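These are my notebook entries on one model.

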Amino acid sequence: MAEVGRARVCDPGELLPEGFWAAVAVWLERPQVANKRLCGARLEARRRATLPRAEPRHLRRDAVPDQDWGAALSGPQDGPAPGQEYPEGDHGPRPSAGPEQELGAALCGPQEGTGPGQASVEGHPGPGPGLGPEGGTACRRHEDTQRQQGNGQRKAAAAPLLAERPGPPCRAGGGEENDPAAELDSLWDRFSQSLVSGSTEMLSFLTSSGAGSQSEAPHELDLVLRTVIPKKSPHCLVTAPRREIVVQDVPSGTVTFLPLEEDDEGNLEVKMSLVYQIQLRPSQAEWFISVLIFCPEKWHSDGVVHPRPAWLGGELLGRLARWCVASRKSEFPSTLSLVSIERYSVLYQELKEKYRDMVKVWPEVTDPEKFVYEDVAIATYLLHPGRGIDVRRRKIWDMYGPHTQLEEDAIAPSDRTLFPDVDWLIGNHSDELTPWIPVLAARSSYRCRFFVLPCCFFDFVGRYHRRQSRKTQYREYLDFVREVGQACGFLVQEDCLRIPSTKRVCLIGKARLYPPASEASVDQRRIQYIHSRRGLSGGEPPCPALQAAACDAAHPDRDRALGTGAQDDLGDLVPEHGPEAQAGGSWVPGFHPREKVERVRNCAALPRDFTERVVLQVASLLLGGEKPKPGSPREGTQKAWNGGGSLALAEVAQQLDSATLHRLKRECGGLQTLLRNSHQVFEVLDGRVRIRDWRQELQRKKHSAAMQGPSSEAFKTRACWFFMHHPDGCVLPSASCPFAHGPQELRPPRPLKKRQAP
């Protein structure tokens with residue numbers, strides 16, 4: 001036995017020892033948070049047991065039920081609080097999943113149950129289906145799926161992750177899978193017998209006591225059977241899942257990991273040379289966390305599932321020490337909680353290799369590294385046959401073949417925008433249509449389900465306005481979309497996608513909470529709910545362009561991810577079958593979809609005379625009232641050059657007339673965008689604006705290399721504003737200024753060289 005690392009933990013918030021078990025739960029349930037070479041882990045079964053003494057087995061038969069496998073590990077509580085009773089088969093609360101969780105939640109299916117070893121999240125029936133790679137509104141037809149399955153065109157690994165239950169866990173050595181609970185029972189039985197028959201050192205290691213010490217009364221252990229799943233990568237030699245038993249001893253403050261491997265006869269046995277343990281020990285006012293290895297001289301690291309001892313005692317130990325005293329709790333469950341992580345990893349790698357070359361010929365203006373692989377991850381989660389609908393055609397569409405069904409259309413909520421022949425409606429960053437996805441799915445048919453990945457915050461009509469300050473705006477909006485789905489009669493569940501985005505929580509409605517015969521009465525409740533939201537979106541709805549302008553500015557690439565499908569503009573409203581029904585079956589007045597032609601709203605399209613007038617007015621304010629003189633060129637004088645002061649943008653806005661402000665508010669970013677666009681004159685930083693001093697600018701490497709010398713393509717291609725307008729002229733001499741001092745110095749701009757695609 002050897003200690004490979006020890007960390008001192010200060011606990012000013014008195015979060016230990018509960019925080020330790022929360023940190024252990026993160027490593028147990030989400031090992032990929034620390035070990036980036038892992039895809040995740042699957043908890044298959046959980047049991048309670050006692051260490052053996054005279055008898056080889058003390059395994060309780062009334063153990064924790066399988067459906068609790070997704071819960072966090074047991075905390076130090078020994079029983080219920082006064083007046084509290086636990087349900088039959090439950091043995092008390094377990095700590096939460098702990099800090100630094102990846103966002104996530106639960107996606108469970110209605111009609112399907114759980115496979116062997118799988119269990120549903122509390123209150124939900126089980127894992128559910130996925131949608132298509134077409135980021136956007138996708139509609140999967142039953143006949144398409146049946147035709148593909150009938151022709152045998154789809155590989156098993158590429159089957160829809162969400163459309164089917166995750167399936168039974170795979171054994172490391174293959175073969176038919178047994179019941180995980182019974183398998184854990186059998187494994188612990190054989191291991192217990194080996195401890196009694198001669199493995200006294202391992203028994204001592206498990207109890208963290210002297211050799212053979214059994215003075216204390218036996219106490220219960222938590223046993224967990226889990227499968228660790230490596231990433232499917234051509235660069236990793238280890239790709240097969242590995243199983244292990246995790247033994248948690250709460251009173252002793254230890255958790256021991258017992259890796260399993262097959263012997264010559266195909267039976268799983270504990271691999272003693274790879275056993276390690278994590279300990280929590282108090283010492284006066286401090287705590288210590290240690291990592292110990294049972295057999296250091298025989299430890300063999302594969303670099304993936306079984307890391308090097310130095311990594312366990314360094315990287316992992318450091319993370320555990322931080323997690324156990326982090327008081328912040330995540331608002332969301334774990335990532336990919338509703339799909340098979342193993343199948344997800346295989347399919348993700350296949351799609352990543354398939355679309356890798358697209359990064360080299362990306363036709364959009366966005367970062368291909370981010371958006372291609374982000375949409376590959378979304379596609380992996382949602383893969384179905386279907387079609388995508390977007391309000392605007394994207395350049396990337398030309399890169400797909402005729403088999404990809406993409407449509408350019410703007411969908412407004414009405415009787416004409418129902419989809420009775422589909423079984424999934426998908427909203428991928430659907431903006432103003434997001435709250436209407438559940439409504440459209442509910443009204444399309446009883447078998448239609450929905451998936452939505454909210455991005456920007458919209459109500460049924462207009463922007464969504466916060467009503468609670470105790471939650472983040474993102475969490476509050478997710479709760480609102482969940483409430484919409486529930487009002488439409490869905491069992492709404494959450495999951496978190498594994499994508500490089502801060503907004504990666506999706507909501508899925510797969511099961512209905514009412515029988516088909518109750519459709520009429522439930523539809524009336526939907527209508528009442530939508531009517532109740534009127535007036536909560538902040539007054540009159542904005543014009544169509546302004547409604548999406550802020551979202552376009554914040555997420556200009558939201559529709560340009562990997563387009564095995566388009567981003568969606570699936571319509572929004574629920575039909576009103578009453579006196580307020582609009583002509584043509586429109587459901588609610590006031591909704592406006594985004595315009596097909598994306599208008600430029602970065603102040604670049606404003607008239608030049610308007611822009612120049614605002615620039616001169618702001619410059620005058622910064623110069624202390626000394627008004628620039630338009631069209632009066634002058635060289636710098638001998639007196640000190642007036643660099644002006646600094647003003648907050650709010651102070652500048654107060655000095656502008658209402659007509660100017662109104663015009664600027666119609667642009668994305670308003671006054672700030674206009675001033676940022678006037679880069680030669682102003683510097684905007686932290687909400688304040690000042691006159692730019694080009695003496696300082698030329699000292700910065702990026703400007704001196706790009707603009708200072710005559711060899712630069714941009715040198716002297718624009719007139720110097722300071723030479724023309726500043727009361728003291730330009731602070732730089734003509735030879736040093738990158739801008740032209742007079743028309744005689746102007747050079748024609750050189751045409752931009754087109755970048756050739758490799």
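Where is the place of Pro 17? I found Pro 17 in the loop between strand 1 (2-9) and helix 1 (18-29). Helices (H or I, at least four residues) and strands (E, at least two) are taken as DSSP runs, numbered from the N terminus. The peptide bond that leads from Leu 16 into Pro 17 is cis, and its omega is near 10°.

I note the basis of the entries here. The model is predicted, so local features need pLDDT of at least 70 and side-chain atom pairs count only at pLDDT 80 or more, while totals for chains, interfaces and linings use all residues. Residues are numbered from 1 along each chain as its sequence is written, and side-chain values use heavy atoms, with hydrogens and water left out.

Entry: strand 4.
I looked up the surroundings of strand 4 (residues 220-230). Of its 11 residues, 10 are buried, so strand 4 is largely enclosed by the rest of the structure. Buried means under 20% relative accessible area, exposed over 50%, and partly exposed in between (1.4 Å probe, protein chains only). Strand 2 (residues 38-50) runs antiparallel to strand 4 and is joined to it by 11 bridges; two strands pair if DSSP finds at least two bridges between them. Gly 40 stands opposite Ile 229 of strand 4. Strand 5 (residues 242-249) is also antiparallel to strand 4, with 7 bridges, and there Gln 248 is the bridge partner of Asp 222.

I then examined an open sheet of 3 strands, whose order is 16-18-17 with antiparallel pairing. Strand 16 (646-648) and strand 17 (682-685) each have a single partner strand and stand at the edges, so one side of each lacks a neighbour in the sheet. On average, neighbouring strands of this sheet are turned by 25° against each other, direction ignored; axes are lines fitted to C-alpha atoms, for helices over the stretch in contact, and angles run from 0 to 180 degrees between N-to-C directions. Strand 17 pairs with strand 18 (residues 688-691) over 4 bridges in the antiparallel sense. Arg 690 in strand 18 is the bridge partner of Glu 683.

Entry: positive phi.
Asp 686 lies in the loop between strand 17 and strand 18. Its phi is near 55°, a positive value in a residue other than glycine, and Asp 686 counts as exposed at 71% relative accessibility. Lys 716, in the loop between helix 17 (701-708) and helix 18 (721-725), has phi near 60°. Is Lys 716 buried or exposed? Lys 716 is buried, with a relative accessible area of 6%.

Entry: cysteines.
I searched the whole structure for disulfides, pairs of cysteine sulfur atoms within 2.5 Å, and found 0. The sulfur closest to that of Cys 737 among the cysteines belongs to Cys 720, at 3.9 Å, too far for a bond. Cys 737 counts as buried at 2% relative accessibility, and Cys 39 counts as buried at 3%.

Entry: cavities.
How many cavities of 30 Å³ or more does a search of the whole structure find? The search finds 5. About 90 Å³ of space lies in the largest cavity. Its lining has 13 residues, of which Trp 27, Arg 226, Glu 244, Tyr 276 and Val 305 lie nearest the centre. A cavity is a set of points on a 1 Å grid over the protein atoms alone where a 1.4 Å probe fits but cannot get out, and lining residues have an atom within 4 Å of a point.

Key. On a 1 Å grid over the protein atoms alone, a cavity is a set of points where a 1.4 Å probe fits but cannot get out, and a pocket is an open set with protein on both sides within 12 Å along at least five of seven lines; lining residues have an atom within 4 Å of a point. Grid points are joined across faces, edges and corners, and a volume is the space filled by probe spheres set on the points.
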